[in-house]
Amino acid sequence: MTITKRLLAALTGGCLCIAASAQIDRGYQNPIIPGMYPDPSVCRVGNDYYLVNSTFQYFPGVPIFHSNDLIHWNQIGNVLDRPSQLPLKNANAWLGIYAPTIRYNNGTYYMVTSNIGNSNGTKSNFFVTATDPAGPWSEPIWLDQGGIDPSFYFEDGKCYFTSNPDIGIWLCEIDPKTGEQLTESKLIWEGTGGRHPEAPHIYKKDGYYYLVIAEGGTEMGHMVTIARSRDIYGPYEVNPDNPILYHQRKITQASPIQGTGHADLVQAADGSWWMVCLAFRPQINGMHLTGRETYLAPVEWNADGWPVVNGNGTISIDMDVPTLPQTPAKSREAVYDFARMTGFGHEWVHLRNPHFENYRFTSRGLELTGTSATMTSIESPTFAALRQQDIDFALTSTFSMIDASPGAEAGISIYMDVTSHYDLFIRENADSTQSLVLSYQLHSISGNKAIVPLPAGENVTVKIDGKDDRYTFSYSTGGAEFTTLGSLDTRFLSTETAGGFTGVTIGAFASGHCTGIFRNLSYTPAK
Ligand code: 6LW
């Protein structure tokens, strides 16, 4: 789809002199960041773009990505990477870190977000700062104005702060060094009547303050609306063509993308405007498992000075539009040979506040020490996971369990929340034998789908094939062919069934008295 410089050179007889600085690329695929990367916020500094997402009960929190084309993103770190910045006691998929905003002002990067369930006294909104977006980021500075979805807008030395403490968007000024609230909070817009007016961001263009928000809730009725004012405190004039992004009309009835909302705008270095937003891809009867993901759409301004998203307020998987000059895409196939690793990459996550002494990279692989915290515990079980980024994928891993007491488990969990996960693991039996167990935990329903005997202490290789309607589990020992253990329905792990704001993560765990030794793990998106 992309017209490469090489093709252009061929067409023009090798002369690239005209095309060198022009916008020559076209087309990209949504989502630009697949898997559980919700509530995106973006800022530009020169030709560099930075993007952050919410992370709920996961540690580290708030992944930060860099891009030069708004399409291909490289994770450069996690903003909240210390327990002092990210207390997550008892956090589940409804709690923890909600929508963040990233902004740059005068040499400093700001990330402002909420920690729901682990507030500082009565305060749940806080910000951290950095001079390098890859970190380190500061300790939290807590803010008085409540509600969720905090955002900053900087102008003339002032820092304006918006969030939704009550039904509607409220504004005040704060001191961006201390967090002190300098003016009284004022209600500036209640939205167009959709439920949950939230996700406010303010921008200035042609003398207007534009206030972009989300309405409708983060499910199917999600949408993006906008109002503007010459005075940042209002009154705000409502766009007659709201919503500017909405997938609940007939034209998007069959779209693979639903729940579009929670947007942030950015003007690119070449003057073009873009929107990042969240949406999800239903995979079975309108249900989704991969979480709310990050999408990109071009924005143009109409003659009346209102933004129009991708021509008609909808987005698609294949975006046939002019883009910024594109950097090459990287393969998302991930192969981890743990014996060659010394630590986790930025993409790995843990539940709540992990006990890192239970995670070790040795010449044998990734060694996980189990504790009394199981995958169904609201503490922090020993668990290192990746996001499920694709509806169709294959995951394999080879592991063994040693030094185990009866009841100990080591294996792979497909995890939506503490209430809802499928686990494929080696279990230590009372007679010191071992079994491979496929189990399900679905709120109050739990049980084992399959149990087969295993040679004690030996390696087992497991394979999980994800498809829209089912996960299929296979295993192999001693280099034999894979044997299918069984399948479990995807729908029971979906957000619609399990609840919460997250998507599925998949990874290695150990629980009870044992050491799980994971040799490798690979995740391959289906072609
Ligand atoms: C977030 C809110 C929303 O804070 O869901 O989709 C909440 N939007 O804006 C949790 O992500």
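This is a predicted model: local features need pLDDT of at least 70, side-chain atom pairs count only at pLDDT 80 or more; totals for chains, interfaces and linings use all residues.
## Confidence in the model

The mean pLDDT of the protein is 95, and 96% of its residues reach 70 or more. Residues 1-21 call for some caution: there, pLDDT stays under 50. For that stretch, the model has 17 contacts beyond four places in sequence.

## Overall form

The C-alpha trace spans about 75 × 65 × 45 Å along the principal axes. The radius of gyration is 24 Å, which agrees with a compact globule, because a globule of 527 residues would have a value near 24 Å.

Of the 527 residues, 58% count as buried. Looking at contacts between residues at least 6 apart in sequence, 57% join residues at least 24 apart.

## Surface and charge

The accessible surface comes to about 20,400 Å², and carbon and sulfur atoms account for 51% of that area. As for charge, the protein carries 35 positive and 52 negative side chains. The centres of these two sets lie 3 Å apart.

## A closer look at Val 308

Leaving aside residues up to four places away in sequence, Val 308 touches Pro 298, Val 299, Glu 300 and Asn 302. Leu 245 is 63 residues from Val 308 in sequence, yet their C-alpha atoms are 8.4 Å apart in space.

Technical notes: Residues are numbered from 1 along each chain as its sequence is written. Side-chain values use heavy atoms; hydrogens and water are left out. The radius of gyration is taken over C-alpha atoms; the globule rule is 2.2 Å times the number of residues to the power 0.38. Buried means under 20% relative accessible area, exposed over 50%, partly exposed in between (1.4 Å probe, protein chains only). Contact means heavy atoms within 4.5 Å. Accessible areas come from the Shrake-Rupley method with a 1.4 Å probe; for residues, only the protein chains shown count as cover. Lys and Arg count as positive and Asp and Glu as negative; His and the chain ends are not counted. The place of a charge is taken as NZ of Lys, CZ of Arg, CG of Asp or CD of Glu. pLDDT is the predictor's confidence in each residue, from 0 to 100.
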